[in-house]
Amino acid sequence: MRIPCPFCGDRGNEEFTVLGAAGLARPAPEADDAAWHDYVHLRDNPAGAHRELWHHVFGCRAWLVVERDTRTHAVLSVTPAKERAA
Amino acid sequence: MNAPLDPRTPADLALSRPAPAQPCRLPAGGLVDRGRGLSFTFDGRRLSGLAGDTLASALLANGIHLVGRSFKYHRPRGILSAGTEEPNALVELRSGARREPNTRATMAELFEGLEARSQNRWPSLGLDLGAVNGVFAPILAAGFYYKTFMWPPSFWEKLYEPLIRRAAGLGRAPEGADPDHYERMHAFCDVLVVGGGPAGLMAALAAGRAGARVILAEEDRELGGRLLAEAEEVDGMPGPAWVQSVEAELAAMPRVRLLRRTSAFAVLDHGVVGAVERVADHLPVPPAHLPRQRYWKIVARRIVLAAGAIERPVVFGGNDRPGVMLGGAVRAYLNRYAVRPGQSAVVFTAGDDGWRTVADLARAGASVEAVVDARSEIPAQQARLAARLGARLVAGGRITGTAGWHRIAAVEIGDDRGCTEGRGADLLAMGGGWTPAIHLSCHRGGKPRWDDALAAFLPGTTPPGMSVAGAAAGRFTTAAVLADGAREGAAAARDCGFAATEPQVPRAEDTPDARVALFHVPASRGKAFVDFQHDVTAKDVALAHREGFRSVEHVKRYTTLGMATDQGKTANVTGLAILAEIAGRSIPGTGTTVFRPPWTPVAIGTIAGHHRGKAFRPTRRTPTHAWAAANGATFVEVGPWLRAQWYARPGETEWQQSVAREVAAVRNAAGICDVSTLGKIEVTGPGAAALLDLVYANTISTLAVGRVRYGVMLREDGFVMDDGTVARIAEDRFFVTTTTANAGKVLQHMEFCHQVLRPDLDVSMISVTDAWAQVSIAGPRAREVVAGLVDPGPDLSNAALPHMAWRAVGVDGVPARLYRLSFSGELAYELGVPPDLGEAVMRRAVELGATPYGTEALAVLRIEKGHPAGGELNGQTTARDLGLGRMVSTKKDCIGRRLAERPALTDPARPVLVGLKPVDARTPLRAGAHLFMPGAEPVTANDQGYVTSACVSPTLGHPIALGLLSRGAERVGERVRVLDPVRGGDTEAEVCAPCFVDPEGVRTRG
Amino acid sequence: MHYSVFSLLRNALSGNRSWTPAWRDPEPKPAYDTVIVGGGGHGLATAYYLAKEHGITDVAVVEKGYIGSGNVGRNTTIIRSNYLLPANTPFYEKSLQLWEGLEQDINYNAMVSQRGVLNLCHSDAQRDAYARRGNAMQLAGVDAELLDAAQVRAMVPGLDMDNARFPVKGGLLQRRGGTVRHDAVAWGYARAADRRGVDILQNTEVTGILVEGGRVTGVETTRGTIRAKRVGLAAAGNSSRVAAMAGLRLPIESHVLQAFVSEAVKPLIHTVVTFGAGHFYVSQSDKGGLVFGGDIDGYNSYAQRGSLPVVEDVMESAVALFPAFSRLRYLRQWGGIMDMSMDGSPIIDRTPVDGLFLNCGWCYGGFKATPASGWCFAHTIATGAPHALNAGFRLDRFATGRVVDEKGAGAQPNLH
């Protein structure tokens, strides 16, 4: 698999590690238990486009939001997590 | 009299005798080098061949057809094909540690001294007692083993299975470690062409001329594909000559790389292709400078699949006898290898294709006894050819049986009126048509589509970036194949942005192959094999269907069709056709064949490459490694690191003696230990303190510059992730240490917390683990040792540099950092210096009276102090479990705070960290033992915890341990039973506080 | 037809023409008492035990493809009960005990082969962790032995004991562990369930779960609506997609796990061996092929294929452990889709929807669990409440923190 890193270019997936779903908003400290349980444990796990966090750990060390189709592995978009959150 | 010692193996001896002539070698022609004879042995028999031969062609040149035995019935088997699809002719190649079982004789290039043995037979290839299985074939039908061997139950492992295992398997694994080496290559190209036949050559030419970076991968040792095997002309010259001209042009293109002997075995996502180049398999032993094989990882923008096609055997009774060969293979042996595989031949065909075999056989001087053509109408030209050759022509004919044992002796021919006749023959050339080699187009989930006109599966949806050309795309005339290759090669180059034009297509044979679909002769006598190697017959397919196994996948799995080393290359489509016939459905209505990698079996060691033995994973050495090695250290693997475990001194015979001495030195004088493996991270920026407050459970932002704080971090699920220290170097700069094991994970986590959770913070961080040699200097005399190590000047007094403070110092004029930190509970420092000063610091510290100590003493010291480490930081413990509960700040947000409040994590009955002392001071405690109330039945329900770390304390003179014990904090003074059944341990211990030495911390602060 | 050596002989004499289908191919009925979604090992076993243990035979197993097309046919065939945590050990031990009597119970030879499972350790800390685990096993009545390096050397010839980057220090052996012919498990349970009246509906895909007033009433399928009082989901790999049809979000991600088989060679290794310094496990099948695998690829996937880095890692580990494997060739590889849960352990429980039950989250340990999973799921469906053996596998354990985390890896599915 190849991941086009916005900083380093097209790279093999051996340079990356994957955390899991992206776009999960970390609840406020005072949010209720259900919100925290949801954030830490529950996942959509879609068959299709999936936004997920990849870390270019053997590259520029950027955390990236990779949008990828979980059925075909086609990479639809890659954005630095930092930029996306800003 | 003693026989003289002869170092020669039997194979050597065989090679020393003169080889007989090759009786079936044609006097002229072929692409073999008649000037270079080669000797080889087969089952110890000395034979000769020519350079350019495969083992298969050389055996046939010697008139040898019987090469192997089948898997189940041990039927005599010969050489079916001339290529990668070979199911029958498997041998053990080479010997000893280089033995390669299950090697296809059709793919093994002949070399001087080649040694091959037949396999899976006893006592010999000619007389194999396993052949008795054939008699019991009705019982040994598909899936028989699911229905029996169940009584009595205990007999399966004791009797049935050992027998089956001994009988199963094919060749024998090599003996010992592989003496050869392998390498891994990465390559990037615009256009990867898989297959160097006419289509692939044209594709490479088109893309190469356009200036694209091209890689052409060909499985054979030579480019050319079928053009090497057929007697046909291209552009007015013999096929091989045309190939040479193209090859010369390609070789002159600097951006084109030709990889011969290279099988592309897997197509993966995003244009990644795995390939294996057999660099030295054609040599007796790889030269020192060359790997045996090379694993290529090719990243291609476009892939042109030009893998050709594989001829399909016809399923009829006795179709497996040695001497029954694929027609295309017969032509390859005749034309490429100048070998006549039979003297009196019968050709069984379903179309024009077989008539080429007839012509080539006749030209080579073989007698064509009969041509059995499944078509009822035979073109006049072909009928005339038969008549001219005096061959019996049976239109609408079928082969309905064969006779012979080690080699075919006669065939039975049936015509369309139901009459049968016998014919003597020592060669039966058969072919039911060609199956496009679309395998690589399926590796990414592409589904093939059935083409009724061609009676073949063609690529359906191809993966993005791949096109298919030539015979693989269902083009079956040379002219069409050449044109297709030119078109697809140019298109691929254009896709990559090159202005490619299609090269002119050379003149070539362009008569479409008129044929009928022929898979199976139902009315034939004897076992009719679909999958040769696994002995799957048409009856087995029918039986599977009868028993409800109707999906193609079910049939495959139940009968094992297509699961042999040839991966069903000659069997899958025929099996499907027979299943469709039985089910009364169309082939596409019955199912499709899907192909998974690898295209061809790949040596495990080729992909492993250099990552084996000591080089399996990189080894990290600390800056003081060489010094430690020179000073008697024994090293231990700690993750990727090698660390000094203890330093044995003369006279110390047991490691415990060394450790006890080292611990005593730290407790009574001073010791020095390399702790450079701890993860070290520099966190800088105005947002650094805020980030660390989020990452650590305790508050870091309140730490004063010049001070150090112990920190614990949680995972978001509330369990402890890691611990370490944080030194505030400046208002906006922190130096963080982590455990050795979690160094990478913690940095990654901090980057996550920053980039994903708090991108608003202006902070950056970098690993400085390798930038510092860090040593711990501990013991009552540590201060004087440190004073002697650092450049004069700094005030090291307790007041100036108290516990949990740090200051900048110099060592040899080089800036260094001195942290007052203690893991051992003694007055202790960690000194960080640039790595190249590490050894000097060790050496000087020892000169100043410090005793070097290793990880064992380090562990003992920390257990004596009750500090949690690996055994306790196991991902299953909370801060409270470890006695660190009060460190989790409730005044601020931090990772893991909320989920640490979940009921199960705050349950007062959870096991918490305690100290344990054996009641009988001589009995050691061991980590991993479980804890029980004395007298309680030792079962899971009564399990109260376990020992996490244990040692013999030299300071206290008896064993001690740390453990996690349910409600442990309330149980100090109680006794627990320490049960270690896997090591036969059963003792009692007294629960105590986890800190055994100086619980008030007086020494640390001294 | 009862399978025995006599039925084999009798049929052999009649040219094997009298064998009957191992299971019927019925038309779906409009309604069943219980519908099991997923015709893999777990679903078929559930149906079998519903019929056998609870007398519930009005059951349909609904399978979108052919039975056994999921992970029961895509694994490395290992069975064992060498677990550490009290929520796991008795459950997997129940499974092992069911394996031990399975063939006589279902009259199908699944080739349960108790050739031993040996987990190698390469450091003192790892040995201690195995001691903790081995002790936990023995305390739960499960066989476990801690071997030293010499015992490992004697037991597994061919291991690199002298030149290894991570020297073998010993191992944890469970002699009763071993391997089972994976496909035969699906077929054997299917045949046995069919004989007790269960309808196996192949090529029938569930497209919706019918819920009325908070209670499940059936499923929509590609072959029409099927009503049911109870619906059990056993669609590991696709659990999130199926559960979503009932509005549930699960603590699960789907990941791909690759596995490999080599060409058949004469017997080379006799036990199942797992590497402790990398992700690698291997056994040799009765046919002679080495069956081996490694880590998951690490990214969410529903495509049954992986990528090269894991292939390389697996092959490197193979040669590191067994240097003589280097010249053997791997023959096939495949990918299975795993339900990776947040603590590495499964879920067998009720759901917030009445009558809807969930069996999922098997990570890559589902095959060995097949019998106990079916047995416990059948109990949970039949009685409406979990059995003591699956009481730890509750859906709400993530909210309460009562997680079952053998590895201590935390709430990150790809680390389990």
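Author: Helix α20(B) passes helix α21(B) in a right-handed crossing; a crossing is right-handed if the near helix is turned clockwise from the far one by less than a right angle, and left-handed if anticlockwise. The model is predicted: local features need pLDDT of at least 70 and side-chain atom pairs count only at pLDDT 80 or more, whereas totals for chains, interfaces and linings use all residues. Residues are numbered from 1 along each chain as its sequence is written, and chains are lettered from A and ligands numbered from 1 in the order in which they are written.

Reader: Why are α20(B) and α21(B) called oblique to each other?

Author: The axes of α20(B) (residues 782-789) and α21(B) (residues 838-847) cross at roughly 130° and come within 9 Å. Angles under 35 degrees count as roughly parallel, over 145 as roughly antiparallel, 65 to 115 as roughly perpendicular and the rest as oblique. The two helices are therefore oblique to each other.

Reader: Which residues of α20(B) and α21(B) meet?

Author: V785(B), G788(B) and L789(B) in α20(B) meet V841(B), R844(B) and A845(B) in α21(B), where contact requires C-beta atoms, placed from the backbone, within 7 Å. By class, this contact has 4 nonpolar, 1 polar and 1 charged residues. Ala, Val, Leu, Ile, Met, Phe, Trp, Tyr, Cys and Pro count as nonpolar, Asp, Glu, Lys and Arg as charged, and the others, Gly among them, as polar.

Reader: What makes α13(B) largely enclosed by the rest of the structure?

Author: A residue is buried if 20 or more other C-beta atoms lie within 10 Å of its own. In α13(B), 9 of the 12 residues are buried, so the helix is largely enclosed. Among them are N572(B), V573(B) and I582(B). The cover over the buried residues includes β25, α11 and α14 of chain B.

Reader: How many residues of chain A are in contact with chain B?

Author: There are 18 residues of chain A in contact with 18 residues of chain B. The largest share of that side of chain A, 3 residues, comes from α2(A).

Note on methods
Two residues are in contact if their C-beta atoms, placed from the backbone, lie within 7 Å. Helices (H or I, at least four residues) and strands (E, at least two) are DSSP runs, numbered from the N terminus. Axes are lines fitted to C-alpha atoms, for helices over the stretch in contact, and angles run from 0 to 180 degrees between N-to-C directions.
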